[in-house]
Amino acid sequence: MSDAPLVTEALINPATSRAARSDFAVRLRANSEYVVIPLLALAIAAALFAIFLMAIGKSPVDFISYVWRGGFGTSFSLQNTLQRSAPLILTALAVAIPARIGLIMIGGEGALVLGGFASAALAIPMIGHVPPLPTLIVMAVFAMAVGGFWVGIAGYLRYARGVNETISSLLLTYIGIAIMNFFVEGALRDLTDPNKPSTKPLGKAYMIGTIPGAEVHWGFVFGLALCLALYFLMSRTTFGFAARVTGGNFRAALAQGLPVGRLIVACSAIAGACAGLAGFFEVAAIQGRANASLAAGYGFTGILVSFLARHNPLVIPAVAILFGGLVASGGLIQRRMGLPDATVLVLQGLIFVVLLTSETLYGRFSIFKPRGERDRT
Amino acid sequence: MSAREISRRALLRTAAFGVAGATLGMGAAGRAFAAKDLTVGVVYVGARDDFGWNQAHAVAIKALKEVPGVKVVEEENVPETDAVSKSMESMINLDGAGLILATSFGYYKPFVLDVAKKYPDVEFRHAAPLWNKDTDPKNAGSYFGYLNQAHYVDGVAAGLSTKTNKLGFVAAKPIASVLSNINSFMLGARSVNPKATVQVIFTGDWSMPVREAESANALVDAGCDVITCHVDGPKVVIETAEKRGVKSCGHNASQAPLAPKGFITGAEYKWITIYKGYATDLAASKTLPNFLAGGYEADYVQNTPFGAGASPEAQKAALAAIAGLKARKPIYVGPLKDNKTGKVVIDKTYDNLDPYLDKMDYLLEGVVGSTT
């Protein structure tokens, strides 16, 4: 799945005009597979969920109308959705980039928590001495560095010691959360608040605001920009090419003399930096301080988003917004339909299972194959 | 074939009902709003049936729904992030909520404060004593119950139920409200049984089911024959105690069904007193009180009805303790020493609601365990 061609690749590399046209048609046909199958999977998941709803005596039409109203239908709902999708975009990138090099890294939550905590810890002595803007920049860079280091450890262990990166990144998440709790409940605790262990607050002046005219914080814009930048990095640079070669065939990459170890650690570190940045925004745009609330599960939902986007940075925002909308409307669904909160989780789980199952469908439909190649296997 | 037709019809019917329901639903909401009925929005941090903190609120909210003219909208599992701001705003914007009850500690700063500033016509009340009259919006406020009073009653009953004189306490974090519950439990036990000690284990977080079970087991192994706790969901602790054949006291909500043999009583909030008060005030267009805090004297806390583990003399002593607390009989009768250095930390007798006690950061002599 990590070697999935990207839709837009069809638009590049025109040879001659005639050849280009037929080339374009062939590529469009081949690439449409990567659009049609996920959409089909979504539709099947929706159908299964509708059956589930009817089984418990609720109307699927109600459900859809509330998802629309609660997630997209009003200006408030749409901003709610975008705000909720912001951390998901960044944590999905934390899964998508290592996936390109063949690693299933799921440690975004830990990098988010540690990155957010580190930025808050660094900011405390700067407040009042350094103006807000440089403070925020230093915080963001530090959060990315810490997050990158954290997931980088899992990458390094993978390359140098052969440790399964999925397990190690997950376990590092729990260590990361424990480290934050250790400091937040100990040395860095704000003693004026006896009941919720937190670092000292940043204060309004040192918090990053919302996008002018909207109630969506800047994390959303940075997430979109990073998606574009990382798409470019992974698809249009030698670094990205080398990473994809490594992901496609590790031994071939080694035989070609590619710096496999450095590539793996670099991709892991980029992933961690994305999640760390998400942590920075949680601290600087939302919480205003670091505490246990940073571990809100964005890192785990990001895994789902990345898989649904087939680890394509350009598709991640759309999927993140879809999930943001589902979560945003989850409240309205609870309130109006009297359904438990787990309902939306059931839908998410169905989407994930159907999507993973649909992986086996690729290459099975002759309609997506170029005419000349249909008989080949 | 007929089966397929039926299912298709069923589907169409459901769909039609759905559309009709949606339109009716919206119409009803609009009418309700016009008739100035009160819509109360409630946010919970966990599940409403957690046998703990959230359930205590949900039980009261269920009773609040019975009040005529009150419509309730509820959301559970809302994390302490901007998600809670958005949930509250959504209740205001889409459901027309006029009163928001935010029931988790971490909702207050900055979320309740920010949303309250943004919607000055909506009342916000938060379940922890955090509202500051100088800095916080006037349409926000706090309500809180001094659960340590009910833990004191637990302690009285437990002190007369133990044979080993060792009581076990599984606690989440060493913060003021938890420490006060432990200390009160110990003082309650010692008031009837001077030989009683309370052994405490901190799990480090609010919800750690595995560690809670381990702690409960360790306490039983150490000879404790009554176990109680202060964690978000006491289910695991109470069930473990029951399985090990020892007695137990509950916390937050009723856990009596979990321990049919060994349950003595439990410390419970009685939020309905506060919630009904809010509904009555709003119905009469009165200003809501900004700060409510109290214990037995205000009817904000209660003890679970006695279970099979409570002996007649324990029941009698516990009821006498409740009567005392209703008459504001103090729990902390000084001087009292801490359990670490033997230093006097409570120099005199304090009223049960004295703010000095809210800053507690020590365990008293009689408690075995450490805050660090």
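**Ground rules**

I am working from a predicted model, where local features need pLDDT of at least 70, side-chain atom pairs count only at pLDDT 80 or more, and totals for chains, interfaces and linings use all residues. Residues are numbered from 1 along each chain as its sequence is written, while chains are lettered from A and ligands numbered from 1 in the order in which they are written.

**Chain B, domains**

I took the bounds from an automatic or database domain assignment: domain 1 of chain B is 35-140, and domain 2 is 148-268 + 306-368. Next I checked how they touch, with a contact meaning two C-beta atoms, placed from the backbone, within 7 Å. Domain 1 of chain B gives eight residues to the contact and domain 2 of chain B gives nine. On the domain 1 side I find four nonpolar, three polar and one charged residues. For these classes, Ala, Val, Leu, Ile, Met, Phe, Trp, Tyr, Cys and Pro count as nonpolar, Asp, Glu, Lys and Arg as charged, and the others, Gly among them, as polar.

**Chain B, overall**

I find ten helices and 15 strands in chain B; these are DSSP runs numbered from the N terminus, with helices (H or I) of at least four residues and strands (E) of at least two. The C-alpha atoms of chain B fill a box of roughly 70 × 65 × 35 Å along the principal axes. Of the 372 residues in chain B, 53% are buried, that is, they have 20 or more other C-beta atoms (placed from the backbone) within 10 Å of their own.

**Chain B, the sheet**

I then followed an open sheet of seven strands in chain B, ordered E12-E10-E9-E8-E6-E7-E15 with mixed pairing. Strands count as paired if DSSP finds at least two bridges between them. At the edges, pairing on one side only, are E12 (301-303) and E15 (367-368) of chain B.

Strand E6 (166-171) of chain B runs parallel to E8 (226-230) of chain B over five bridges. Within that pair, Gly168(B) has Ile227(B) as its bridge partner.

How many residues of strand E10 (263-269) of chain B are buried? I get seven of the seven, so E10(B) is largely enclosed by the rest of the structure. Strand E9 (247-252) of chain B pairs with E10(B) in the parallel sense over four bridges, and His251(B) has Ala267(B) as bridge partner there. E10(B) also pairs with E12(B), this time antiparallel over three bridges. Glu268(B) stands opposite Gln302(B) in that strand E12(B).

**Chain A, domains**

Chain A splits into domain 1 (1-58 + 343-377) and domain 2 (63-338). Their C-alpha centres are separated by 27 Å. The contact uses 16 residues of domain 1 of chain A and 19 of domain 2 of chain A. On the domain 1 side, H1 (17-55) and H13 (342-358) of chain A give two or more residues each, and H13(A) has the largest share, seven residues.

**Where A meets B**

Last, I checked the contact between the chains: 24 residues come from chain A and 31 from chain B. H2 (60-73), H3 (75-100) and H12 (316-337) of chain A each supply at least two residues of the chain A side. H12(A) brings the largest share, six residues. By class, I note nine nonpolar, ten polar and five charged residues on that side of chain A.

Note on methods. Buried ≥ 20, exposed ≤ 12 C-beta atoms within 10 Å, placed from the backbone.
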